[in-house]
Amino acid sequence: MMTEQSLIQHRQKIDQLRQSSSLSPLHAAQLEQSIVSSWQRSSSADIPKDRLAAPLVDIQKVGSSSTLSHALQYCAENLRHIAKQSSMVLAVGDIGSTVLWTASCPEMRKVAENVHLIEGGQWREELVGTNALALSIKTQQSSCVFSSEHYMSSAHDLVCYAAPIIDPYSKQILGVIDLSTTWHKHNNLGLLAAEHCSTLIQSALLEYQKQRLYIRAFSVPQVIFNGKALVLTPRQTEILAILALCPQGLSLDSLHQALYGERKVSIGTLKAEMSQLRDLLGGMLGSRPYRLLAHVEADFLQTEQSLDAGYIDSALKLYTGVFLAKTESPFLCAWRDCLESRLSDAIFKANETDVLLKHVARFPEAIDAVERLIELMPKNHPVHQTLLKFQDI
């Protein structure tokens, strides 16, 4: 544990680095690279200079919150106990760093309220700058942001420890957990505590997702039910994808139209497919209307949620290939076109070259990403000429 004097010196050093007009390689080496990169992104973002608290949103309108919210029902008391015993604020955020749930010791409650580290607080980096919640989502690793490493001056008296919450099945990030206290109570064990809380939530997710259906629709389609891959026809996979996109359910006629459109396929054929699916899903397929009764997750739904949250890097990591490339379903084709349009629009607005370079490495034909990189990278950069060749292909 750092002494009070060493903490003061550490904060003073960070203050000095923050006041520098530019960070030399020597100065940058004194900080975590993730912090330096976050400072650079924050300085180029359109964040009001007088912002002292995170913007607030009605969490009832946050569509990506349901999985974590349900899982919290299984571990909320344990998390409240940890917050009280550690004299910290504990916050759970979604993939967009919006706080869904908090617990706090009495002495930290007012501090949390002042900066909106409360339900509905939006801690996206482009809104409030460098902070542990957004950094942990960005790096997909545990993160500590100490004192004036925070971009917002109102958060300089805090130290925050965050850890990503990983889905036990898909291994994708669902959200983030953050523990915060005052800077002079900084302890290197804080990250371990955040990781322990993340593990508690991941265990709760296993409990919540006992009847769980996971659909992979990018690249090679696959459906996993309760941890086991199902052997399905392409048509059955399409049906599950449609029902995942229509959680309210569909009538038999509406489902037939979404799946086949104007193709001459009898209603009886669809009924037979639904009967086989009901047997495979052990009763987790409802009727009148047809709907999925299991907990449903899918790579395409997670991509959509990442785009909604403004996390283009997460969306591109999930996008590993064309969505159901061989489908003839008019509904799924229309949804695919919409998703690809949203991805392309996000790429043209992206400012992070590392994310775009990784995407082009996987998809050399992604001309939208190539064109955006040509705009962003200096003309004298060695990669620039290579990108121009891609553009001409």
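Buried means under 20% relative accessible area, exposed means over 50%, and partly exposed lies in between (1.4 Å probe, protein chains only). This model is predicted, so local features need pLDDT of at least 70 and side-chain atom pairs count only at pLDDT 80 or more, while totals for chains, interfaces and linings use all residues. Residues are numbered from 1 along each chain as its sequence is written, and side-chain values use heavy atoms, with hydrogens and water left out.

**Stop one: helix α9.** Select Arg235 and Glu238. They form a salt bridge (a side-chain nitrogen of Lys or Arg within 4 Å of a carboxyl oxygen of Asp or Glu). The closest N and O atoms are 3.0 Å apart. Both residues lie in helix α9 (residues 234-245), 3 residues apart, about one turn of the helix. Helices are DSSP runs (H or I, at least four residues), numbered from the N terminus. Arg235 is partly exposed at 27%. Glu238 is buried at 4%.

**Stop two: two loops.** Select Arg263 and Glu328. Their side chains meet in a salt bridge, 3.2 Å from N to O. The pair links distant parts of the chain, 65 residues apart. Arg263 sits in the loop between α10 (252-260) and α11 (267-280). Glu328 sits in the loop between α13 (312-318) and α14 (330-349). Arg263 is partly exposed at 26%, whereas Glu328 is exposed at 53%.

Select Arg41 and Glu125. Here the salt bridge spans 2.5 Å, N to O. Arg41 is in helix α3 (residues 33-44) and Glu125 in helix α6 (residues 125-128), 84 residues apart. Both are buried.

**Last stop: a network.** Select Lys138, Asp313 and Glu352. Salt bridges link them in a network. The whole structure holds 13 salt bridges.
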